[in-house]
Amino acid sequence: RMKKKKVQQVFSVGQKVGLVPHSMFRIRREQGAVHAVVVRVGRRYVYVCTTDQNGEAKPWDEYTFDKTDLKQQTQFSPDYDLYLTYEDAAGEYERAKLAAAVCAFPSMSIRQMELEPLKAIYEILKVEASRMGVMFDD
């Protein structure tokens, strides 16, 4: 069987990208996705700096990402996930923030909800579970 070759993303210096905090703790705490810019491109890695309000790179805030899987290269837990555009990062940040809020909703409160909103939530979850191929109690 042939091994599937991993495809590297193509980056260029000056390209605007987006970052999303990697951990749920930071997603809940921070204000949103982060604007960033590509400052160097190597054979295997891309080097990204966050930017200030004027779009200028902050050289003291640089992160290294693998060009194939876009994972941050670090000896510790990753700070950010890299997205090819700020818009993609902002969408993922919003999705993660909403997912965290839904997961944090106390089950006791759900049991006290009125029937109609509960039915609506159930139907949404059922449709999403089906779309993702996940079993959902019916």
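Is Arg 131 buried or exposed? In this predicted model, Arg 131 is exposed, with a relative accessible area of 59%. Its side chain forms a salt bridge with Glu 128, and the closest N and O atoms of the pair are 2.6 Å apart. Glu 128 is partly exposed, at 31% relative accessible area. Arg 131 and Glu 128 both belong to helix α4, which covers residues 115–132, and because they are three residues apart there, about one helical turn separates them.

A second pair is found in helix α2. The side chains of Glu 92 and Arg 95 meet in a salt bridge with an N to O distance of 2.8 Å. Both residues lie within α2 (residues 86–104), three residues apart, or about one turn of the helix. Arg 95 is partly exposed, with a relative accessible area of 48%.

The structure holds seven salt bridges, and one of them is formed by the side chains of Asp 66 and Arg 44, at 3.5 Å from N to O.

The strands come next. Five of them form an open sheet with antiparallel pairing, in the order β4-β3-β2-β1-β5. The edges of the sheet are β4 and β5 (80–83), each of which pairs on one side only. On average, neighbouring strands of the sheet are turned by 40° against each other, direction ignored. Within the sheet, strand β1 (residues 16–21) runs antiparallel to β2 and is joined to β2 by four bridges. Lys 16, for example, has Val 37 of β2 as its bridge partner.

Helix α2, the helix of the Glu 92 and Arg 95 pair, lies across β1, β2 and β5 and runs at about 15° to β1.

The cysteines remain. A disulfide is a covalent bond between the sulfur atoms of two cysteines. A search of the whole structure finds zero disulfides. Cys 49 is buried, with a relative accessible area of 2%. Cys 103, by contrast, counts as exposed, at 67% relative accessibility.

Definitions and conventions. Residues are numbered from 1 along each chain as its sequence is written. This is a predicted model: local features need pLDDT of at least 70, side-chain atom pairs count only at pLDDT 80 or more; totals for chains, interfaces and linings use all residues. Side-chain values use heavy atoms; hydrogens and water are left out. A disulfide is a pair of cysteine sulfur atoms within 2.5 Å. Buried means under 20% relative accessible area, exposed over 50%, partly exposed in between (1.4 Å probe, protein chains only). A salt bridge is a side-chain nitrogen of Lys or Arg within 4 Å of a carboxyl oxygen of Asp or Glu. Helices (H or I, at least four residues) and strands (E, at least two) are DSSP runs, numbered from the N terminus. Two strands pair if DSSP finds at least two bridges between them. Axes are lines fitted to C-alpha atoms, for helices over the stretch in contact, and angles run from 0 to 180 degrees between N-to-C directions. Contact means heavy atoms within 4.5 Å.
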